[in-house]
Amino acid sequence: EIVMTANIFRVSVIGADAGEGALNNAYLAKHLGAHRVQPFRYGAFNLPAKLSEDKRTIYLDKTQALDDFFMHLKQGQFILPPFETFQEESSHLLSLFEVVTRAGRRIYSHSPSAPDDFAHAMTFGYNAYKIAIGQLKFY
């Protein structure tokens with residue numbers, strides 16, 4: 001279904017989870033071309049984004065990436081379906097909360113019983129979009 005949708009809408013880059021999605025990413029790369037599948041992985045960095053040594057994976061600072069996504073979401077820069085048809089996905093966005101670590105670093109967390117998968121899918125997709133329009137900067 002993802003392959004068909006990506007082809008219908010001529011998607012140039014798909015943001016994929018490098019951590020949990022290796023098998024799915026390989027399938028997408030086989031059917032869409034590796035140049036259209038961009039794996040992302042979260043970490044705790046002082047930089048928003050950096051390339052892995054092999055230049056295949058983009059590492060995102062999780063807090064900065066989610067901050068950037070949520071800022072644009074709040075500004076109404078994403079078109080989302082009506083809430084009534086989007087409740088489960090919306091609950092993933094709403095399950096995240098901020099925590100300050102003992103080291104004083106602000107991070108996002110969620111309850112183990114409240115999934116946040118859609119928030120990360122949207123964040124990876126948003127960063128893939130930034131690649132497509134030349135706005136994702138590496139440091």
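Predicted model: local features only at pLDDT ≥ 70, side-chain atom pairs only at ≥ 80, totals over all residues.
## Arginine 106 and its partners

Let's start with arginine 106, which counts as partly exposed at 30% relative accessibility. Arginine 106 pairs with aspartate 67 in a salt bridge whose closest N and O atoms are 2.4 Å apart. This pair links distant parts of the chain, since arginine 106 sits in strand β6 and aspartate 67 in helix α3, 39 residues apart. Aspartate 67 is partly exposed as well, with 25% relative accessibility.

Arginine 106 also forms a salt bridge with glutamate 98, and here the closest N and O atoms are 3.2 Å apart. Put together, Asp67, Glu98 and Arg106 are linked in a network of salt bridges.

Is lysine 130 buried or exposed? Its relative accessible area is 12%, so lysine 130 is buried, because the cut-off for buried is under 20%. Aspartate 68 is on the list of buried residues too, in α3.

## Helix α3

Helix α3 covers residues 62–74, 13 residues in total. From its first C-alpha to its last, α3 reaches 18 Å, close to the 18 Å expected at 1.5 Å a residue. At the start of the helix, a side-chain oxygen of aspartate 61 comes to within 3.3 Å of the backbone nitrogen of threonine 63. Just after the helix, glycine 76 takes a positive phi of about 75 degrees.

The buried residues of α3 are Thr63, Ala65, Leu66, Asp68, Phe69, Phe70 and His72. What covers them includes strands β2 (37–43), β4 (58–61) and β6 (106–109), along with helices α4 (87–94) and α5 (117–132).

## Helix α5

Now for the partner helix. α5 has 16 residues and reaches 23 Å from its first C-alpha to its last, close to the 22 Å expected at 1.5 Å a residue. Glycine 134 follows α5, and its phi is positive, near 75 degrees.

Which residues of α5 are buried? They are Phe118, Ala119, His120, Thr123, Phe124, Tyr126, Asn127, Ala128 and Lys130. These buried residues pack against β1 (14–17), β2, β4, α3 and α4.

## A nonpolar patch on the surface

Finally, have a look at the surface, where Met4, Ile8 and Phe9 form a nonpolar patch. Together the three have about 380 Å² of accessible area. Methionine 4 is found in helix α1, residues 2–8. Its relative accessible area is 52%, so methionine 4 counts as exposed, because the cut-off is over 50%.

Notes:
Residues numbered from 1 in each chain as written. Heavy atoms only, no water. Helix = DSSP H or I, 4+ residues; strand = E, 2+ residues; numbered from the N terminus. Expected span 1.5 Å × (residues − 1). Buried < 20%, exposed > 50% of the residue type's maximum accessible area, 1.4 Å probe, protein only. Contact = heavy atoms within 4.5 Å. Polar contact = N/O pair within 3.5 Å; in protein donor to acceptor, adjacent residues only side chain to side chain. Patch = residues over 30% accessible without salt bridge, like charges linked within 9 Å, V, L, I, M, F, W, Y side chains within 5 Å. Areas by Shrake-Rupley, 256 points an atom, 1.4 Å probe, with all protein chains shown as cover. Salt bridge = Lys/Arg side-chain N within 4 Å of Asp/Glu carboxyl O.
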